[in-house]
Amino acid sequence: FDPEHKKVCQDMKQPLSHYFINSSHNTYLIEDQFRGPSDITGYIRALKMGCRSVELDVWDGPDNEPVIYTGHTMTSQIVFRSVIDIINKYAFVASEYPLILCLENHCSIKQQKVMVQHMKKILGDKLHTQSPNIEESYLPSPESLKGKILIKA
């Protein structure tokens with residue numbers, strides 16, 4: 001490992017799509033993906049390690065509260081709201097560059113509205129809500145998105 005790469009050593013003013021992004025798939029799983037437990041510690045670990053893209057597989061849950069788990073398996077479920085709380089707390093501990101939440105959405109419209117309410121309330125100004133400029137042909141740069149959380153669904 002080149003210690004020089006421990007710090008940002010590239011021009012971060014290029015469009016976001018010009019970079020490789022440290023990503024985590026099935027972030028919530030801490031063991032196997034068919035019957036293992038789901039836990040928020042997976043998100044804490046990934047964010048502390050510098051991941052800038054984490055996955056949330058979201059399904060309709062009881063009492064109109066969306067849950068995260070691998071659908072159609074025996075993995076345990078965690079409440080969407082608690083994951084958003086943890087993401088809010090740890091999103092920028094390891095890096096100030098944007099964090100992408102990859103939502104694999106399996107929710108009804110009713111619970112999608114709950115998801116939006118939770119994200120707006122908990123993430124607040126960190127949530128990137130600015131519409132793309134249709135006159136620009138590229139995404140914003142990581143530099144211009146510092147401290148922002150992007151939603152990809």
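Let me begin with a definition: helices (H or I, at least four residues) and strands (E, at least two) are DSSP runs, numbered from the N terminus. With that in place, helix 1 is followed by Gly50, and the phi of Gly50 is positive, near 100°.

What you see here is a predicted model, in which local features need pLDDT of at least 70 and side-chain atom pairs count only at pLDDT 80 or more, while totals for chains, interfaces and linings use all residues. Residues are numbered from 1 along each chain as its sequence is written, and side-chain values use heavy atoms, with hydrogens and water left out.

First, the overall picture. The protein chain has three helices and six strands, and from the N terminus on these elements run β-α-β-β-β-α-β-α-β. The radius of gyration, taken over C-alpha atoms, is 16 Å for the protein chain, close to the 15 Å that the globule rule (2.2 Å times the number of residues to the power 0.38) gives for 153 residues, so the chain is as compact as a globular protein of that length. Taken along the principal axes, its C-alpha atoms fill a box of roughly 45 × 40 × 25 Å. Of the 153 residues, 42% count as buried, where buried means under 20% relative accessible area, exposed means over 50%, and partly exposed is in between, with a 1.4 Å probe and protein chains only. If contact is taken as heavy atoms within 4.5 Å, then among contacts between residues at least 6 apart in sequence, 69% join residues at least 24 apart.

Let me turn to helix 1, residues 41–48, whose buried residues are Gly42, Tyr43, Ile44, Ala46 and Leu47. What covers these buried residues includes strand 1 (23–24), strand 2 (53–59), strand 3 (67–68), strand 4 (78–79), helix 2 and strand 5 (99–106).

How do helix 1 and helix 2 cross? Their axes, which are lines fitted to C-alpha atoms over the stretch in contact, with angles running from 0 to 180 degrees between N-to-C directions, come within 10 Å and cross at roughly 20°. That makes helix 1 roughly parallel to helix 2, since angles under 35 degrees count as roughly parallel, over 145 as roughly antiparallel, 65 to 115 as roughly perpendicular and the rest as oblique. The contact is made by Tyr43, Ile44, Leu47 and Lys48 of helix 1 and by Val83, Ile86, Ile87 and Tyr90 of helix 2.

Val83, in helix 2, deserves a word of its own. With a relative accessible area of 0%, Val83 is buried, and, leaving aside its neighbours within four places in sequence, Val83 is in contact with Ile40, Tyr43, Leu56, Ile68 and Ile78. Val83 and Ile68 are 15 residues apart in sequence, and their C-alpha atoms are 8.4 Å apart in space.

Helix 2 (residues 80–90) also meets helix 3 (residues 109–123), and here the axes come within 10 Å and cross at roughly 25°, so helix 2 and helix 3 are roughly parallel to each other. In this contact Phe80, Arg81, Ile84, Asp85 and Asn88 in helix 2 meet Met115, His118, Met119, Ile122 and Leu123 in helix 3.

Finally, Asp125 is found in the loop between helix 3 and strand 6 (149–152). At 71% relative accessibility, Asp125 counts as exposed, and its C-alpha atom is separated by 9.1 Å from that of Ile149, which is 24 residues apart from Asp125 along the chain.
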